[in-house]
Amino acid sequence: MPEVTLDRIAALMRDLFDEYDGPITRTTTARDVAQWDSLAHVQLLVMVEQAFRVRFASREIDGLKCLGDLVDAIERKQSSP
């Protein structure tokens with residue numbers, strides 16, 4: 001369920017970006033979170049891969065423009081055999 005996936009990502013983000021207390025929605029991007037730099041981006045993706053037991057190829061990561069894209073990618077990976 002996309003809402004549950006987004007909630008789990010939000011929890012990871014709250015842990016990683018401990019100073020950010022703004023909204024986390026499908027439209028959230030790195031521009032919305034001051035702490036979200038390139039290193040934090042890698043850390044977040046590693047946390048997501050571990051939490052959801054998925055792996056992303058570089059081209060998949062390049063296509064992620066907002067959290068909604070990440071949620072959709074996770075949902076696709078978890079629904080495919």
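Relative accessible area sorts residues into buried (under 20%), partly exposed (in between) and exposed (over 50%), using a 1.4 Å probe and protein chains only. The model is predicted: local features need pLDDT of at least 70, side-chain atom pairs count only at pLDDT 80 or more, and totals for chains, interfaces and linings use all residues. Residues are numbered from 1 along each chain as its sequence is written, and side-chain values use heavy atoms, with hydrogens and water left out.

**Exercise 1.** Determine whether L39 is buried or exposed.

Solution. L39 belongs to helix α2, residues 38-52; helices are DSSP runs of H or I with at least four residues, numbered from the N terminus. Its relative accessibility is 55%, so L39 counts as exposed.

**Exercise 2.** Describe how α1 and α2 pack.

Solution. Two packed helices are described by the angle between their axes and the distance between the axes. Axes are lines fitted to C-alpha atoms over the stretch in contact, and angles run from 0 to 180 degrees between N-to-C directions. For α1 (residues 2-16) and α2, the angle is about 135 degrees and the axes are 10 Å apart. Contacts, meaning heavy atoms within 4.5 Å, involve R8 and L12 among others in α1, and M47 and F52 among others in α2.

**Exercise 3.** State where the charged end of R8 sits.

Solution. The charged end of R8 sits over the ring of F52, 4.1 Å from its centre. The criterion requires CZ of Arg or NZ of Lys within 6 Å of the ring centre and within 35 degrees of the ring normal.

Technical notes. Helix = DSSP H or I, 4+ residues; strand = E, 2+ residues; numbered from the N terminus.
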